[in-house]
Amino acid sequence: MSEWSEPQPEEQWAKPSDELKRQSRRVLQLQQANPQRPIIEIFAQMSEET
């Protein structure tokens with residue numbers, strides 16, 4: 001059990017895809033353009049764009 005609960009080595013960690021990185025940049029752009037806009041609206045817009 002203790003071996004199972006050890007953390008994974010860093011080389012086995014999940015890495016964000018290029019698509020996720022692109023979408024994250026877009027969310028930040030939209031949020032910076034209109035900081036008062038609710039984040040849920042931004043994510044809704046993102047789902048329409050993809």
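Trainee: Let's start with one residue. Is Arg-37 buried, partly exposed or exposed?
Mentor: Arg-37 counts as partly exposed, at 23% relative accessibility. The cut-offs: buried is under 20% relative accessible area, exposed is over 50%, and partly exposed is in between, with a 1.4 Å probe and protein chains only.

Trainee: What should I know about the model before going on?
Mentor: This is a predicted model, where local features need pLDDT of at least 70, side-chain atom pairs count only at pLDDT 80 or more, and totals for chains, interfaces and linings use all residues. Residues are numbered from 1 along each chain as its sequence is written, and side-chain values use heavy atoms, with hydrogens and water left out.

Trainee: Back to Arg-37. Which residue does Arg-37 form a salt bridge with?
Mentor: Glu-41. The closest N and O atoms are 3.5 Å apart. A salt bridge here is a side-chain nitrogen of Lys or Arg within 4 Å of a carboxyl oxygen of Asp or Glu.

Trainee: And is Glu-41 buried, partly exposed or exposed?
Mentor: Partly exposed, at 40% relative accessibility.

Trainee: How many salt bridges by this rule?
Mentor: Two. Arg-22 and Glu-19 also meet in one, at 2.7 Å from N to O.

Trainee: Where do Arg-22 and Glu-19 lie?
Mentor: Both are in helix 1, residues 18-33. They are three residues apart, about one turn of the helix. Arg-22 is partly exposed at 35% relative accessibility. Glu-19 is partly exposed too, with 36%.

Trainee: How many helices and strands does the protein chain have?
Mentor: Two helices and zero strands. Those are DSSP runs, numbered from the N terminus: helices are H or I with at least four residues, strands are E with at least two.

Trainee: What is the radius of gyration of the protein chain?
Mentor: 17 Å, whereas a compact globule of 50 residues would have one near 10 Å. The radius is taken over C-alpha atoms, and the globule rule is 2.2 Å times the number of residues to the power 0.38. The C-alpha atoms fill a box of roughly 50 × 20 × 20 Å along the principal axes.

Trainee: How much of the protein chain counts as buried?
Mentor: 8% of the 50 residues.

Trainee: New topic. Which residues form a nonpolar patch on the surface?
Mentor: Ile-39, Ile-40 and Phe-43, with about 310 Å² of accessible area together. Areas come from the Shrake-Rupley method with a 1.4 Å probe; for residues, only the protein chains shown count as cover. Patch residues have over 30% relative accessible area and no salt bridge; like charges are joined within 9 Å, and nonpolar side chains (Val, Leu, Ile, Met, Phe, Trp, Tyr) within 5 Å.

Trainee: Where does Phe-43 lie?
Mentor: In helix 2, residues 39-49. Phe-43 is partly exposed, with a relative accessible area of 47%.

Trainee: And Lys-15, where is that found?
Mentor: In the segment before helix 1. Lys-15 counts as exposed, because its relative accessibility is 59%. Lys-15 and Leu-30 are 15 residues apart in sequence and 24 Å apart in space, C-alpha to C-alpha.

Trainee: What about Ser-17, where does that lie?
Mentor: Also in the segment before helix 1.
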